[in-house]
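Please look over the sequence and the model shown here.

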Amino acid sequence: MEMLSPERRSVDQIADQRLESLLDQLSLEEKVRLLTGRDFWTTWPVEKIGLRRMLFSDGPSGVRGEVWDERRPSMNFPSATAISSSWDPAIADRLGAASAVEARRKGVDVVLGPTINLHRSPLGGRHFESFSEDPVLTAELAAAYVAGVQRNGVGATPKHYVANDSETDRFTVDVRVGDRALRELYLLAFEKAIVESKAWLVMSAYNSINGATATENELLESPLNSEWDFDGVVISDWTAVRSVESAKHSQDLAMPGPEGPWGSELVLAVKCGTVPEAAIDRKVLRILQLAGRVGALEGFEPVAAEPVDQEDPVVFAREASVAGTVMVKNDGVLPLAPASVARVAVIGHNARHARTQGGGSATVVPEKIVTPLNGVRAAFGPDKVSYSVGAVVQEGIAELPLEQLRNPVTGGPGLRVRFFASTGTELLAEDRRSTALVWFGGDAPIAESSMVQFHTLYTPEETGMIHLGFSTVGHGRIFVDGVLAREATIEATGTDLGAAFLAPPSASVPIRASAGVPLEVTVELDLAGRTGSLSNALAVTIGLEADDTDPEALIKDAVAAARAAEVAVVVVGTNSRVESEGYDRTTLGLPGLQDRLVRAVAAANPRTVVVVNSGAPVLLPWRDEVGAILIGYFGGQEFGTALADILTGAAEPGGRLPTTWPATQEDVPVLNTTPDVEGKLVYEEGVHIGYRAWLKAGVKPAYEFGHGLGYTNWTLDSVGAPVTAAPGAVVALHMTLSNTGTRPGKQVVQVYAERPGSAVDRPVRWLVASAPVWAESGETVTATLNVPTRMLAYWDNGWQYEPGDYRLHIGTSVSELPLAVDLRLNA
């Protein structure tokens, strides 16, 4: 553990004394009030001690800010699975720094990220938001992200502590996990971000761990505080604090506010002696210290008054998407030279309506998205590129395109939104530029309103029957050209409040449309009588359901386009009903008829490139029938530009898989995410998740952990002599590798440990180090990989080191391991 210098220690002592003097100025009631949020996103200010409010914002793939508003757009960076596929801590660090710059631009003090739960089962619905199935890779990237955020003076929040690895019954599930797996996997993923990057916050999860909810769990004290020296704020996931009991634990801040389970009940508990006031004081001091760090407390110098590390965020988003795109197959189809390709057939619903981010609370609203279709047209020329939808992926309502909307009041693009009181008085009018709207924080008078009205002129592009509707929770009406077309009450589905709010069902009505003829569209939603924690929030999408009346014709059209082209680029993927916060997947299959589409296109044109637009593994049953496969994940707002760079060879796909991709769902060794009838989800697999479980089962996946191809060739040449090390030491492995191809390239060198004949249950092999390496054509380079011997230890009431010989395998995936060296661990 790093020791503080005497000079630093004295500075900290002075700061502590100053904070305590501020604490002494607060009454018990004032102190307790600071422990619950002021509203959905902010904390309470206290003017007399110079404390302003602090603003929190979701942040894994962009920083939304205080309001969910297309008029105040955010950068949409690639998803965490794309970032982790780079296997490059420098990319994660740059993402953190860029996110902090975005946060400062929006007045945000704390970014609620990174999400560093593990991909225990591929069915996990929120895996796009976390890094990997491996704790070491996760820890490296999380620590880098945290360092990047906080270097620019914004707090980072590793979440969700801990074992919140799936979404089913996430508020109530009791995860039963053994000490070894908890320490060696799930806590290890958090440790480096705390110990080395000194995260200023940690978010406690909804779930229970071994019988105690995360907000009332001893894990908040040990290892977080007592072993890792965490001195920051434990902030709850929103509504995760459920009782005064949690105040006895190392839970510091309950969000959101202003209501909550603490407040007056906690004041009473302190006065009665049930909760010691010293526990309150410790929490308040940590909140004040956080305020000092982010510049929210007068008299305290912030870590960075202005961002110290800035770059063009659009350029970075493009580079990050390239770095995280994984080419899992290439039969020589790629790269493509635009000048030598006469015609490209772009096919797929997601090619035109790409998913650049996952669903849920982390959603941001970007100013502009470059879709795969946009990117290919820009790279090859619009006259060379055809487009066919091929198969419908969309479920529910999709928003209306802005360019087809006219605000009837201003005459500009968009719509008019009006909130009315029960008397008919207009309380607020907004001119908006999107028909997918969320009010989640901010000052819109939702709770005071009886009805909200949306009014626009929509001009269809094509003649025919359309299905016009809205998705929300509640009672509403849709009028077309002044005539009531549909009235419906939409009930929430499922038990997850967040999922019901952000991904509600829809109601629609068939309308005969004529190309170029405007339709006056008015939607009214009743707001009176709403209750519950989201009574002052609203989510609604007005738009169209997809036309899936003749799916065979869609495939037929796509096949004809593929047959007429030199190359077909098929973009397949998921939708917001498949991958989102609040629920897990029930299948790894692609939605709709996308598998049939790919097979039909590949049969018509063997030069078929498939781009997978999903945040986590899906089944690819046609993988042997196509020419190339690129895993693009949710590639952020520059997804299409990055894809074009890779297709044309302007850039190399830099990714390697951070999670195993199965051939069939039945093959997956750890799959279940559903609690039993008692609400327990038992992690009976112990330390064997991800590739560890695949190796133990002896089953071959479609694409293994660490796999990825580039546009050049490599040889791994040599590694140093056998080494001897003491427990706790760090071993430096020096190995050489050569780029034997004709162009510059990237390789990711991976080191896996093996302990034959171990006295304890071990994985067949496990990752202990990795490093991205770049080399010019014909160049030989030396890579140094640092292997902490701590990665060889196992947990048994403390870290135990098994002395003896270990085999370190070096290669480019979990089974492509041409080099090896012995390491002897001393007693």
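In this report, a residue is buried when its relative accessible area is under 20%, exposed when that area is over 50%, and partly exposed in between, using a 1.4 Å probe and protein chains only. At 1% relative accessibility, Trp 87 therefore counts as buried.

The model is predicted: local features need pLDDT of at least 70, side-chain atom pairs count only at pLDDT 80 or more, and totals for chains, interfaces and linings use all residues. Residues are numbered from 1 along each chain as its sequence is written, and side-chain values use heavy atoms, with hydrogens and water left out.

**Backbone features**

Helices (H or I, at least four residues) and strands (E, at least two) are DSSP runs, numbered from the N terminus. Trp 87 sits in the loop between H3 and H4. Its phi is near 50°, a positive value in a residue other than glycine. Asn 210 also has a positive phi, near 55°, and is likewise a residue other than glycine. Asn 210 belongs to the loop between strand E6 (208–209) and strand E7 (212–213). With 36% relative accessibility, Asn 210 counts as partly exposed.

There is a cis peptide bond between Met 255 and Pro 256, with omega about -5°. Pro 256 lies in the loop between strand E8 (233–236) and helix H7 (263–272). A cis peptide bond also joins Leu 334 and Pro 335, where omega is about 0°. Pro 335 is part of the loop between E9 and strand E10 (344–347).

**Helix H9**

Helix H9 covers residues 313–324, 12 residues in total, and reaches 16 Å from its first C-alpha to its last. That is close to the 16 Å expected at 1.5 Å a residue, where the expected span is 1.5 Å times one less than the number of residues. At the N-terminal end, Asp 312 caps H9, with a side-chain oxygen 2.9 Å from the backbone nitrogen of Val 314.

The buried residues of H9 are Phe 316, Ala 317, Ala 320, Ser 321, Val 322, Ala 323 and Gly 324. What do the buried residues of H9 pack against? Their partners are helix H3 (80–85), helix H4 (89–105), strand E9 (326–330), strand E26 (628–631), helix H15 (639–648) and strand E31 (745–754).

**Helix pairs**

Axes are lines fitted to C-alpha atoms, for helices over the stretch in contact, and angles run from 0 to 180 degrees between N-to-C directions. Two pairs are listed below.

| Pair | Angle | Distance between axes |
|---|---|---|
| H11 (residues 372–380) and H15 | about 45° | 7 Å |
| H4 and H9 | about 150° | 11 Å |

Angles under 35 degrees count as roughly parallel, over 145 as roughly antiparallel, 65 to 115 as roughly perpendicular, and the rest as oblique. H4 and H9 are therefore roughly antiparallel to each other. Contact means heavy atoms within 4.5 Å. On the H4 side, Ile 91, Arg 94, Leu 95 and Ala 98 meet Phe 316, Glu 319, Ala 320 and Ala 323 of H9.

In the other pair, H11 and H15 pack at an angle of about 45°. This makes H11 oblique to H15. Pro 372, Gly 375, Val 376, Ala 379 and Phe 380 of H11 meet residues of H15, including Phe 639, Gly 640 and Leu 643.

Glu 70 is found in the loop between strand E1 (56–58) and H3, and is buried at a relative accessible area of 14%. Glu 70 and Val 365 are 295 residues apart in sequence, yet 5.6 Å apart in space, C-alpha to C-alpha. Leaving aside neighbours within four places in sequence, Glu 70 is in contact with Val 365, Arg 432, Arg 433, Ser 434 and Leu 437.

A polar contact is a pair of N or O atoms within 3.5 Å; within protein, one must be able to donate a hydrogen and the other to accept it, and residues adjacent in sequence count only if both atoms are side-chain atoms. The side chains of Glu 70 and Arg 432 make such a contact at 2.8 Å.

Arg 120 is in the loop between strand E2 (110–112) and helix H5 (135–151), and counts as buried at 6% relative accessibility. Its side chain has a polar contact of 2.7 Å with the side chain of Glu 685.

Ala 693 lies in helix H16 (residues 691–697) and counts as buried at 6% relative accessibility. Ala 693 and Pro 669 are 24 residues apart in sequence and 6.0 Å apart in space, C-alpha to C-alpha.
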